[in-house]
Amino acid sequence: MKFPETRMRRNRKNESIRNLVQENHISANDLILPVFVVDKNSAKEEIKSMPDVFRLGLKELKDKVREAEDLGINAIAIFPKVDENLKDDKGSYALSKENYLFRYINKIKLISQKVQVIVDVALDPYTSHGHDGILNKKGDVDNDATCEVLAEQAVLLAKAGADIVAPSDMMDGRVGIIRKSLDKNNFTEVSILSYAVKYASNLYAPFREAVGSAKNLGKADKKTYQMNPANIREAIMEAELDINEGADFLMVKPGMFYLDVIKELKSKFNKPVFAYQVSGEYAMLKKYSEEDINLFKNILYESMQCFKRAGADAILTYAACEMARILKDNDKNL
């Protein structure tokens with residue numbers, strides 16, 4: 001019998017060897033924690049479709065920021081749930097001085113200067129119809145009118161203390177107008193995390209429940225502004241446009257289903273690429289491992305490795321704190 005001269009298994013024979021030859025590594029520095037908030041001094045509201053994720057009141061949000069910092073997580077991304085009686089067809093509450101989100105951002109920055117605050121720039125939590133912008137007479141989102149509002153929203157978020165604004169709306173040209181508005185108002189240091197590549201995915205349903213836009217949107221969809229999941233050349237064009245308009249970071253959303261897109265952007269552009277493990281992806285992992293916490297830890301770790309292998313520089317995941325604890329436990333066992 002002829003035996004192989006090259007034996008790949010020699011580099012897998014024990015954990016120490018496997019660690020030595022591991023090509024990609026995940027750390028707490030790679031993690032961003034998305035959090036949902038409500039306008040209450042103290043609250044921890046269950047989100048049925050997202051196990052172990054809650055809408056937080058101000059007190060609980062402060063605790064979560066401290067927890068994230070203690071675990072070495074460098075950034076959180078905030079998403080508000082707005083009362084229905086504050087919503088209208090133009091999303092006016094997004095620009096209101098009474099918007100509780102501005103107060104929350106300010107409070108967070110008093111707690112921690114290290115944890116960077118990323119805030120969503122979009123109107124879907126604020127509109128009575130659940131879309132990301134202002135509707136025209138035909139019932140479609142008015143691109144240019146929406147961009148003007150988003151630019152104003154971004155400036156108000158910067159004034160409140162946001163470190164990074166993250167337009168997730170997918171309007172054409174919004175990054176450029178937001179960058180100009182920030183610079184005009186002396187917020188040149190505020191970064192833009194562009195949802196450059198956001199697909200019209202079926203994986204956002206738990207998120208829409210969490211921010212309270214699901215009922216408003218109803219059976220409508222966002223296919224006139226979010227991308228066709230079949231396309232990748234379009235993703236490259238979207239990313240290039242946003243870079244030229246002043247984006248500091250690029251986002252791919254969803255993440256797990258679109259690793260090929262992450263890899264493509266990383267290979268073509270000299271910009272940090274972030275991945276979003278979205279609510280539906282998180283929920284699937286939780287459902288698959290609901291009776292075995294160790295299985296969840298293992299599959300979560302595997303999913304993070306896949307993001308890094310694809311080229312993601314940072315990863316938004318609702319399990320950021322769990323992942324950071326796993327990494328700490330691994331360090332203790334070395």
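Mentor: Buried means under 20% relative accessible area, exposed over 50%, and partly exposed in between, with a 1.4 Å probe and protein chains only. The model is predicted, so local features need pLDDT of at least 70 and side-chain atom pairs count only at pLDDT 80 or more, while totals for chains, interfaces and linings use all residues. Residues are numbered from 1 along each chain as its sequence is written, and side-chain values use heavy atoms, with hydrogens and water left out.

Trainee: Is Leu 217 buried or exposed?

Mentor: Leu 217 lies in helix H7 (residues 214-217); helices (H or I, at least four residues) and strands (E, at least two) are DSSP runs numbered from the N terminus. Its relative accessibility is 7%, and therefore Leu 217 counts as buried.

Trainee: Which residues does Leu 217 touch, not counting residues up to four places away in sequence?

Mentor: Contact means heavy atoms within 4.5 Å. The C-alpha atoms of Leu 217 and Ser 128 are separated by 8.2 Å, although the two residues are 89 apart along the chain. With residues up to four places away left out, Leu 217 touches His 129, Gly 130, His 131, Arg 208 and Lys 222.

Trainee: What is the relative accessible area of Gln 277?

Mentor: Gln 277 lies in strand E9 (residues 273-277). Residues up to four places away aside, those it touches include Met 256, Leu 300, Phe 307 and Tyr 318. Gln 277 is buried because its relative accessible area is 0%.

Trainee: With which side chain does the side chain of Gln 277 make a polar contact?

Mentor: A polar contact is a pair of N or O atoms within 3.5 Å; within protein, one must be able to donate a hydrogen and the other to accept it, and residues adjacent in sequence count only if both atoms are side-chain atoms. At 2.7 Å, the partner of the Gln 277 side chain is the side chain of Thr 317.

Trainee: How many residues of strand E1 are buried?

Mentor: In a regular strand the side chains alternate between the two faces of the sheet. In E1, Leu 31, Leu 33, Val 35 and Val 37 are buried on one side, and Ile 32, Pro 34 and Phe 36 on the other. For E1 (residues 31-37) the count is seven of seven.

Trainee: Which strand does E1 pair with over six bridges?

Mentor: Two strands pair if DSSP finds at least two bridges between them. E1 runs parallel to strand E10 (residues 314-317), with two bridges, and also to strand E3 (residues 54-56), with two bridges. In E10 the bridge partner of Leu 31 is Ile 315, and in E3 that of Val 37 is Leu 56. The strand joined to E1 by six bridges, in the parallel sense, is E4.

Trainee: What distance does helix H4 reach from its first C-alpha to its last?

Mentor: H4 (residues 143-160) has 18 residues, and the expected span of a helix is 1.5 Å times one less than its number of residues. Asp 142 caps the N-terminal end of H4, with a side-chain oxygen 3.3 Å from the backbone nitrogen of Asp 144. The reach of H4 is close to the expected value, at 26 Å.

Trainee: Which residue, with a positive phi, follows H4?

Mentor: Among the buried residues of H4 are Cys 147, Leu 150 and Ala 154. What covers the buried residues includes helix H3 (100-111) and strand E5 (116-121). After H4, with phi near 120°, comes Gly 161.
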